[in-house]
Amino acid sequence: MSTFLWLLGPPLIGALLAAAVRPYRPFVGWTNALLSLLSVGAAVALWGHILAGDVLTSGPREFLRADALSTLLAFCVSVVGALAAWLGPGLGGPDDYSGPQARRFRIFGNLFTFTMLFAVTTNNVGFMWIAIEATTITSAMLIPLHVTKASVEASWKYILIGSIGIALAFGGTVLGYFDFVHLAGRHELTLNWTVLIALAPRLHPPVIQLAFVFILIGYGTKAGLAPMHTWLPDAHSEAPAPLSAMMSGVLLAVALYAVIRWEVVVNAAVGTRFTDSLFLLLGVLSIFVAAFSLVVQRNYKRMLAYSSIEHTGLICVGLALGPLGTFAAMLHLLNHALAKSMMFFLAGRVLHRYRTTEIDGVSGLLTTMPWTGGLFAAGMLAVIGLPPFGLFISEFALFRAGFAAGRPWLMGLVLALLAVAFISMLGHTNRMLYGAPAAGTAVGEGSAWPLVPLGMCMAALVVLGLTVPAPLDTLLQRIVEIAGR
Amino acid sequence: MDSVFSQVCVLGSSLVLIFGLTLLWRRSVTAYITAFQWQSIVLSGLTAVVAYFGGDHELYLAAGALAALKAVVIPRLLRRMEHRFAAARELQPYVNTPTSLVIAGLLVLFGYAITRPLVALSQLPTRAGMPLAMGLVLVSLFVVISRKKALTQVVGFLMLENGLALLAVLGTYGIPLIVELGVFLDVLMGFLVMQIFMYQIHETFESIDIEQLNRLRH
């Protein structure tokens with residue numbers, strides 16, 4: 001019980017504190033930042049339990065449950081949540097946000113983290129749905145932190161498309177429940193994932209397949225899979241930097257987590273061929289759309305957003321490539337969470353200095369902000385999949401899994417699309433890094449301490465690019481035992 | 001008894017679907033809100049009927065919550081918004097009325113097609129209504145895609161939710177109450193946030209036509 005309390009409690013306390021203290025004071029932000037470390041500690045403790053070979057459960061009817069898959073996601077969410085707490089507005093330093101805006105960020109940002117952590121640790125797929133729907137609501141409240149025409153438009157698209165997608169996922173959940181009720185009768189426990197998975201081999205294929213189509217379209221909308229991705233570039237580019245980091249780094253992963261939970265059930269019922277073909281279809285389509293949208297990109301935050309679609313597509317493809325592919329996909333999920341959240345924070349610093357999100361409006365980044373620019377360049381190399389960064393290893397493992405699974409043509413196509421993305425992102429970044437900065441652009445880093453946590457992300461990416469540490473390897477192996485069959 | 005029960009279910013589901021179809025040929029937002037309100041009342045009544053015949057007392061609570069939320073609170077908030085925006089008429093939608101009706105007919109047929117395995121599997125007397133619920137889900141989705149006013153899109157979204165609630169009631173006599181209450185809470189919160197955004201759209205664009213929301217491309 002207590003580990004879950006340490007995991008879920010801190011963001012909830014942070015939100016309540018921010019709601020209670022009015023007008024906003026910086027100590028709220030600092031308390032929140034310190035509390036966020038407790039969540040990270042709890043996630044690490046869960047990880048320890050997995051390594052020791054037990055699955056922690058808690059509450060009546062195993063309401064909360066943290067197996068290896070939940071643990072990986074809880075770790076990613078708590079780490080990115082902590083980054084957002086430390087780098088978000090309202091810590092007393094000079095930033096672009098007023099007191100009420102900082103208060104709003106601390107309330108809804110914490111609730112957002114809480115709903116994501118709850119979604120990945122609840123054992124009940126009904127509550128998982130409720131939590132993911134709540135992530136839409138809490139994060140949507142933060143997009144128009146600065147009310148502009150563009151941010152209002154982005155938040156409207158996000159809440160409408162996101163809510164409809166999530167409603168369809170609810171339809172899928174109802175259809176899945178329908179199948180189980182007809183198998184095992186109405187039962188308090190029937191929405192528990194552990195019960196679902198035990199009954200799964202006796203399910204009716206046509207019904208559970210229909211349910212999965214709804215679930216994939218529904219949660220896939222939130223995961224940013226093409227063709228349901230249209231909200232994503234807008235929301236990511238208009239949101240304040242800490243929110244973009246959380247949405248891109250972990251929200252997409254949490255939505256994929258929900259899909260994976262159901263995928264395991266469906267696979268147990270009808271074999272892997274059905275889900276594999278759907279994953280490949282949506283995955284490759286997402287990579288395709290993202291790659292060609294990157295070519296014409298003129299806005300660097302949108303560039304990062306499309307790159308998120310590309311990586312979500314890659315993870316999806318990996319999930320369809322058997323145990324090796326699942327291993328690679330989960331490693332990629334972790335790498336992407338670290339890399340992309342770091343990049344969005346850096347983009348926030350660039351935006352703060354240059355006051356524009358246009359790529360053409362930014363030049364000489366290496367001159368004006370050498371450290372930020374250097375990290376941005378290195379991060380971009382990581383995101384496009386070059387060594388010695390973690391994403392290179394996971395993409396390499398993914399392609400190896402694809403060839404081992406006997407899909408050389410598909411892998412060739414994906415590789416070609418990645419090359420398109422690679423070239424266009426490199427070109428865009430070059431234009432930002434070099435050249436003469438516009439007259440009147442201040443030179444120097446400004447507040448330099450935020451670079452410390454971001455540098456730690458970079459260091460972690462380099463470590464992951466050189467080796468997969470033993471505890472991580474064990475965790476991923478356990479996930480493959482759950483999801484890779 | 002069962003035959004009366006199943007006939008009531010089909011009748012109720014048809015009514016719920018027809019209120020959904022109203023969105024396709026009416027032009028005034030007031031009519032949309034009224035249609036949504038009546039749809040919710042029928043849905044809530046149908047839920048109570050299922051609770052009575054199915055002998056499931058928890059479902060009465062769900063019916064009550066549904067009536068309070070979707071037949072009273074949300075329509076009232078919608079009317080207040082409509083009054084504030086003075087947005088009396090839907091503009092020419094992206095798809096004209098006759099085409100819309102034909103598409104809606106096809107969508108309902110498609111609903112019948114995809115729910116065939118469900119109806120074949122179910123033993124419940126309520127099963128005949130399930131295709132109509134699926135039809136409503138698909139038609140509402142079409143409404144959201146093809147309309148230009150933010151308020152109409154919200155009504156379409158709420159009807160989509162009603163279709164799913166109907167599907168749950170007919171297919172399994174509802175989902176577990178505790179989950180159901182969580183879902184209601186989410187619907188309410190989601191609606192309130194949409195309302196905030198609609199006021200923001202109104203203030204920043206001085207109109208709630210989503211055609212103006214075209215700043216973000218590529």
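**Entry 1**

Where in chain A does A:Pro227 lie? I found A:Pro227 in the loop between α8 and α9 (231-238) of chain A. Helices here are DSSP runs of H or I with at least four residues, strands are runs of E with at least two, and both are numbered from the N terminus. This is a predicted model, in which local features need pLDDT of at least 70, side-chain atom pairs count only at pLDDT 80 or more, and totals for chains, interfaces and linings use all residues. Residues are numbered from 1 along each chain as its sequence is written, while chains are lettered from A and ligands numbered from 1 in the order in which they are written.

I looked up A:Pro227 for its peptide bond: the one from A:Ala226 to A:Pro227 is cis, with omega near 0 degrees. The bond from A:Arg22 to A:Pro23 is also cis, with omega near 5 degrees. A:Pro23 sits in the loop between α1 (2-20) and α2 (26-51) of chain A.

**Entry 1: positive phi**

A reminder to myself: most residues other than glycine have a negative phi, and most peptide bonds are trans. I then noted A:Arg61, a residue other than glycine whose phi is positive, near 55 degrees. Its place is the loop between β1 (56-58) and β2 (64-66) of chain A. A:Arg61 has 12 other C-beta atoms within 10 Å, so I put it down as exposed. The cut-offs, with C-beta atoms placed from the backbone, are 20 or more others within 10 Å for buried, 12 or fewer for exposed, and partly exposed in between.

A:Arg355 has a positive phi too, near 60 degrees. I located A:Arg355 in the loop between α13 (322-354) and α14 (365-368) of chain A. With 11 other C-beta atoms within 10 Å, A:Arg355 is exposed.

**Entry 2: chain A overall**

I counted up the elements of chain A as 19 helices and 2 strands. Its C-alpha atoms fill a box of roughly 70 × 55 × 45 Å along the principal axes. Of the 485 residues, 62% count as buried.

**Entry 3: where chain A touches chain B**

How many residues of chain A are in contact with chain B? I have 38 from chain A against 36 from chain B, a contact being two C-beta atoms, placed from the backbone, within 7 Å. The elements of chain A that give two or more residues to this side are α5, α6 (149-184) and α8 (205-223). α6(A) gives the most, with 19 residues. By class, this side of chain A has 26 nonpolar, 7 polar and 5 charged residues. Ala, Val, Leu, Ile, Met, Phe, Trp, Tyr, Cys and Pro count as nonpolar, Asp, Glu, Lys and Arg as charged, and the others, Gly among them, as polar.

I followed α5 (residues 125-140) of chain A to α8 (residues 177-205) of chain B: their axes come within 10 Å and cross at roughly 15 degrees. Axes are lines fitted to C-alpha atoms, for helices over the stretch in contact, with angles from 0 to 180 degrees between N-to-C directions. α5(A) and α8(B) are therefore roughly parallel; angles under 35 degrees count as roughly parallel, over 145 as roughly antiparallel, 65 to 115 as roughly perpendicular and the rest as oblique. Among the residues that meet here are A:Phe127 and A:Ile130 from α5(A), and B:Val183 and B:Met189 from α8(B). I sorted the residues of this contact into 9 nonpolar, 3 polar and 2 charged.
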